[in-house]
Amino acid sequence: MLLRVVLSAGAGVLIFLSNPPRTLWWLAPVGIAVLGAVIYGRRARAGFGYTLCAGLGYFIPLLAWTGEFVGAVAWLPLSLAEAALLGLAGAGIAAVSVLPAWPVWAAFVWVAGEYLRSLFPFGGFPWGRLAFSQPDGIYLPLAAIAGTPLIALAVAMTGFGLAALARQLLVDRQPRRLVAPALAVVLPVVAAFGALPLVGTDANDGQATVAVIQGNVPRAGLDFNSQRRAVLDNHVARTEQLARDIQAGRAKQPDLVIWPENASDIDPYRNPDAWSRIEDAAHVINAPIAIGTVLVGDDGLPRNTVLLWDPQRGPVDQYTKRKLQPFGETMPWRSFFRLFTSAVDRAGQFVPGDKPVVFKMANARVALATCYEVAFDDVVRESVEGSNILAVPTNNATFGYTEMTYQQLAMDRVRAVEHGRTVAVAATSGVSAFIRPDGSVTQSTGLFTPAALVERVPLRSTTTLSDQLGPAPEWVMAAVGLVALGIAIMVRRRSRASN
């Protein structure tokens, strides 16, 4: 039993190591294979327990950034909750391992488990999806067909197929039964290569020169924005520096400019000085700017907003972040969690937006997914409708020098392929980047460094198959997993009754 626990935890660590900033994407199916070998043929209860151990091996290091400045009180409970939800999937995988071609059904159950984690608790937490470990992997083109669920299905099927193949070769030694597990390993890889022609990269809606501004923050940590004016001034100053570079011929004139989330946490409608500084930046760069700011409504509550600032007309449009971060921008069960730590009072009371907005900036139609939102399939899918480029204004200063920003950049790269869009990532403190529609990063910045990236990028209005199918593939995959689980339960019951 101890060996199984160690192997399970090791499987989770392997899956963690497959995630960026490392490029060891192939460790994800290897980790799945180890886990599959451990829980194959076990009871559901054992499947839950061993997969819980794998989940802890995965989520504890993966989510270490959540405790960077608040400690284990946030990090470990979140990791345990995610591991427990993964354990439920493990229980189902152990159950379906009695079925013929079990690696296939186990992969569908895995997808069902990821779907559950994207919905529950507190609106879901999709961090740790297998797809987000694959921006450098061979499975990435599958995102253009059916998004993140199809990548997860392919990775999981390959992994469980490897486990079944190894068992047949080393334990059962029945050559006639090698075909099914071999197909489970090979077919996802073949499908991934077959999907390559569906990854569009052509500029079918023109091109635009885009500037991304990273102004940096005074310091990392939860109080990074205690000097809100300094953050705004940093972004104005870096925009003015870019304007001087343009005049000197060192940079191209942008058609549009993207500032990050929280670039101005001073409401320009309520603070004339902030309005003046933003207006100065728009005039000097002579291009529309998408500006991450915090606006205060008539109810006195804040909104995490992106303003479209025209150099002649001022603010002409706005988008309010729809998917808010629990325990950060909002605080569920505040009075309950206050029993454990007063840190809950640092969480905000932000009001979410209710609709996606596409900014018209020069010849670009800019979709917006603010920071945390990029982790959610449905939010990004709704946002890109009617667009030809995706902007991701983000702020990772509250997580310091952790891997969080690289994990989020991986999500941006998957979204680029999933929706066939160039992605412009603008971060307050890094990493800002340009991502082509094939998921490749063409420019990026360092952490906590003022920078301005300028690039001529392709604009694409093509709707991918993934966009056309919407959430239906994930629903079907989850349903297949649940049906397989139901059949497996009946098979086990009949087996026990006959004995």
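Reader: In which loop is Phe122 found?

Author: Helices (H or I, at least four residues) and strands (E, at least two) are DSSP runs, numbered from the N terminus. Phe122 sits in the loop between α5 and α6. The model is a predicted one, in which local features need pLDDT of at least 70 and side-chain atom pairs count only at pLDDT 80 or more, while totals for chains, interfaces and linings use all residues. Residues are numbered from 1 along each chain as its sequence is written, and side-chain values use heavy atoms, with hydrogens and water left out.

Reader: What is the phi of Phe122?

Author: Most residues other than glycine have a negative phi, and most peptide bonds are trans. Phe122 has a phi near 50°, which is positive although the residue is not glycine. Asn216 is another such case, with phi near 75°, and its place is the loop between β1 and α8.

Reader: Is Asn216 buried or exposed?

Author: Buried means under 20% relative accessible area, exposed means over 50%, and partly exposed is in between (1.4 Å probe, protein chains only). Asn216 is buried, at 11% relative accessible area. Phe122, at 33%, is partly exposed.

Reader: How many residues does α5 have, and what distance does it reach?

Author: The expected span of a helix is 1.5 Å times one less than its number of residues. Helix α5 (residues 102-119) has 18 residues, and its first and last C-alpha are 26 Å apart, close to the 26 Å expected. Of those 18 residues, 13 are buried, so α5 is largely enclosed by the rest of the structure.

Reader: Which elements give two or more residues to the lining of the second largest pocket?

Author: On a 1 Å grid over the protein atoms alone, a pocket is an open set of points with protein on both sides within 12 Å along at least five of seven lines, whereas a cavity is a set where a 1.4 Å probe fits but cannot get out; lining residues have an atom within 4 Å of a point. Grid points are joined across faces, edges and corners, and a volume is the space filled by probe spheres set on the points. The second largest pocket holds about 310 Å³. It is lined by 20 residues, and the closest to its centre are Ala101, Trp102, Pro103, Ala180 and Pro181. Helices α5, α6 (143-172) and α7 (179-194) each give two or more residues to the lining.

Reader: What is the order of the sheet that has β5 and β12 in it?

Author: Strands of a sheet pair through backbone hydrogen bonds, either parallel or antiparallel. Here two strands pair if DSSP finds at least two bridges between them. The six strands run β5-β4-β3-β2-β1-β12 in an open sheet of mixed pairing. With a single partner strand each, β5 (314-320) and β12 (451-458) are the edges, so one side of each has no neighbour in the sheet. Within this sheet, β1 (residues 207-214) and β2 (residues 256-258) are parallel and share three bridges; Ala211 has Val257 of β2 as its bridge partner.

Reader: Which strands does helix α8 lie across?

Author: Axes are lines fitted to C-alpha atoms, for helices over the stretch in contact, and angles run from 0 to 180 degrees between N-to-C directions. Contact means heavy atoms within 4.5 Å. Helix α8 (residues 228-247) lies across β1 and β12, at about 135° to β1.

Reader: Which strands are in the open sheet with β6 and β11?

Author: Its order is β6-β7-β8-β9-β10-β11, six strands with mixed pairing. The edge strands β6 (359-361) and β11 (441-444) pair on one side only. Strands β6 and β7 are antiparallel, joined by three bridges, and Met361 has Ala364 as its bridge partner in β7. Helix α12 (residues 404-419) packs on this sheet, touching β8 (389-394), β9, β10 and β11, and its direction makes about 30° with that of β10.

Reader: Is Leu368 buried or exposed?

Author: Leu368 is in strand β7 (residues 364-368) and counts as buried at 1% relative accessibility. Setting aside neighbours within four places in sequence, Leu368 has contacts that include Val306, Tyr319, Val357 and Phe359.
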